[in-house]
Amino acid sequence: MKIIENIKLKVDETHTLNILECGNKNGVPVIFLHGGPGGSVGEKSLEFFNENHHVILFDQRGTGKSTPFLETKNVTPFHTIEDMEKIREHFGIEKWTVFGGSYGSTLALLYAILHPERVENLVLRGIFLGREEDVHWLYEEGASYYFPELFEEYKNFLPENKRNKIVDSYYEIFMSDDEEKKKAAAIKWANWEDGLVTLLPGEVDNEYTDQKMSLAFYECFYFKNKNFFPTDNYILENADKIKNIKTYIVHGRYDIDCRPIGAYCLAQKLENVELYITDAAGHSPYEENNLKKLREIMNGIK
């Protein structure tokens, strides 16, 4: 899929977003939402789409090529929803298909709740509802039972007296002035999550990258602050506002990162939904069965 244009859009006095416009200007408009918090977009993000789609992708505030990097001022999911509206208006799009996976599915659902009139379809993968129980499962206890050796690496980076509240303890490090310790913490945090996303785990990479820092820093920042939600179960409590929007949900049966129960509970709240629990698949959208189903869904949206 060709890149039409790469633009920089200033959305407030602090933040400038890096935005890619791809595909066919006359095609079906789609906004792509990357995961994290703290992820970014890249060439692989286009693998779900074809030349019948007009795809808009952007690095969320503080991530990727958006500036300033790792900024915390005015960085919440609700600021991202405001940014999506500014992007939509910039491109003159009336309604679009909102495509998001993992934390991107959280954003897609929030956007639809707040702007249902702007959503033609929701295409969601690896549902993350952002509840305390979802964060606890992933970073404190639950996923740890399936990958105990990897969890030990992540937990034991902390002093023994700091391991009873892991997210809080990592947050202290990321908010400190010790740059070397922050880099070491980013590697441990990112390696823990990266080790869970595929059905068959890959090799652990202990090299520091800005991408690992962005992922670890923002995930910890958001989760320490309860995702900045007004209530813990905000998405499901407001699901009636989106119950009639055509929604497609793809979720790996063996997704350890985000449990399939989240996708199931969401689908139960909706009336115009197709739920696909993909076998032999984990959390990653690039697992064969997840990718195949997502492409099939997008090929059907004309």
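Me: What does contact mean here?

Reply: Contact means heavy atoms within 4.5 Å. Take Tyr111. Setting aside neighbours within four places in sequence, Tyr111 is in contact with Ile81, Met84, Glu85, Arg88, Trp96, Val98, Pro116, Arg118 and Val119.

Me: What kind of model is this, and how are residues numbered?

Reply: This is a predicted model: local features need pLDDT of at least 70, side-chain atom pairs count only at pLDDT 80 or more, and totals for chains, interfaces and linings use all residues. Residues are numbered from 1 along each chain as its sequence is written, and side-chain values use heavy atoms, with hydrogens and water left out.

Me: Where does Tyr111 lie?

Reply: Start with the labels. Helices (H or I, at least four residues) and strands (E, at least two) are DSSP runs, numbered from the N terminus. Tyr111 lies in helix H2, residues 103-114.

Me: Is Tyr111 buried or exposed?

Reply: Use the cut-offs. Buried means under 20% relative accessible area, exposed over 50%, and partly exposed in between (1.4 Å probe, protein chains only). Tyr111 has a relative accessible area of 0%, so Tyr111 is buried.

Me: How do I read phi and omega?

Reply: Most residues other than glycine have a negative phi, and most peptide bonds are trans. Now look at this structure. Ser102 has a positive phi, near 60°. Lys226 also has a positive phi, near 55°.

Me: Where are Ser102 and Lys226?

Reply: Ser102 sits in the loop between strand E5 (96-101) and H2. Ser102 is buried, because its relative accessible area is 8%. Lys226 is in the loop between helix H7 (210-224) and helix H8 (234-237). Lys226 has a relative accessible area of 48%, so Lys226 is partly exposed.

Me: Which peptide bonds are cis?

Reply: Look at two prolines. The bond from Gly36 to Pro37 is cis, with omega near 0°. Pro37 lies in the loop between strand E3 (28-33) and strand E4 (53-59). Thr67 and Pro68 are also joined by a cis peptide bond, with omega about -5°. Pro68 is in the loop between E4 and helix H1 (77-91).

Me: How do I read the sheet, and what is the strand order?

Reply: Begin with pairing. Two strands pair if DSSP finds at least two bridges between them. Here eight strands form an open sheet with mixed pairing, in the order E1-E2-E4-E3-E5-E6-E7-E8. Its edge strands are E1 (3-10) and E8 (273-278), each pairing on one side only. On average, neighbouring strands of this sheet are turned by 15° against each other, direction ignored.

Me: How many bridges join E5 to E6?

Reply: Six bridges join E5 to strand E6 (residues 119-125), and the two run parallel. Gly101 stands opposite Arg125 in E6.

Me: Which helices lie across E7, and at what angle?

Reply: Axes are lines fitted to C-alpha atoms, for helices over the stretch in contact, and angles run from 0 to 180 degrees between N-to-C directions. Helix H9 (residues 260-269) lies across E6, E7 (246-252) and E8, at about 160° to E7. Helix H10 (residues 288-300) lies across E3, E4, E5, E6, E7 and E8, at about 170° to E7.
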